[in-house]
Amino acid sequence: MQIRSTPSLRHFKEKKVLAAKHLLVLLAEARRHFMKIDNVQYTVTSIAGKITVVGDLHGSLDDLLMIFFKNGLPTADNPYLINGDFVDRGPASVEVSTLLFSLSLLYPNSFLINRGNHEDVIMNKRYGFTTELVKKYGLLANRISKGFEGVFRVLPLVTVWITACWSVTGVSRISLTCSTLTIYLDTSTPLFCDPQQKPTRTGKMK
């Protein structure tokens, strides 16, 4: 598959906003890709002997680029799992999301993404992603928001490693098994929980 709309790291480092027409193409391709994957996805680490798990990026492009600098870019020998909550709160949720989706398209077997509780349109309206879209894309923000929502709805919920580990983020306290998650098709229904917002010692909200 030819990915014509894949942004470069340099593009984002220079604080350039991906053109709306390219972003919409990327979102459509990402949705088609993730629709082929079950809610529970499986992976093995026998080839690489390791996997980098990244969680709660929350729109921080600098954090993501630092992780790539320290751990290397994803390859078959250097797999990654993005464990949800990569949008909201931070100023670069658009850039983080498009970069993650692009890498998942380029490396479908070694760059995996789970859906977190912030990959949700209601959470996006409360915690900043919707506002970011309006700021960066103006009148096209609603159309682009629907594109992101379409991708979020089909993201996997759980990743199971063959080593008997499994990874999921923000799940509410209900009884879950891989079997029930595999057939849990209505991903628009809230499955997640988020901790209460309390100020930290620095005064920031978590």
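Two strands pair if DSSP finds at least two bridges between them. Helices (H or I, at least four residues) and strands (E, at least two) are themselves DSSP runs, numbered from the N terminus. This is a predicted model: local features need pLDDT of at least 70, side-chain atom pairs count only at pLDDT 80 or more, and totals for chains, interfaces and linings use all residues. Residues are numbered from 1 along each chain as its sequence is written, and side-chain values use heavy atoms, leaving out hydrogens and water.

**The sheet**

Three strands form an open sheet in the order β2-β3-β4, with parallel pairing. Its edge strands, β2 and β4, each pair on one side only. β3 and β4 pair in the parallel sense over four bridges. In β4, I113 is the bridge partner of I82.

| Strand | Residues |
|---|---|
| β2 | 52-54 |
| β3 | 80-83 |
| β4 | 111-114 |

**Helix α4**

Buried means under 20% relative accessible area, exposed over 50%, and partly exposed in between (1.4 Å probe, protein chains only). In α4, 13 of the 14 residues are buried, so the rest of the structure largely encloses this helix.

**Helix α6**

Which residues of α6 are buried? They are F129, E132, L133 and Y137. Seen down the axis of α6, they fall within an arc of 100°, so they line one face of the helix. That arc is taken from the directions from the helix axis to the C-beta atoms. The face turned away from the buried side carries the exposed residues T131 and K135. After α6 comes G138, with a positive phi near 55°.
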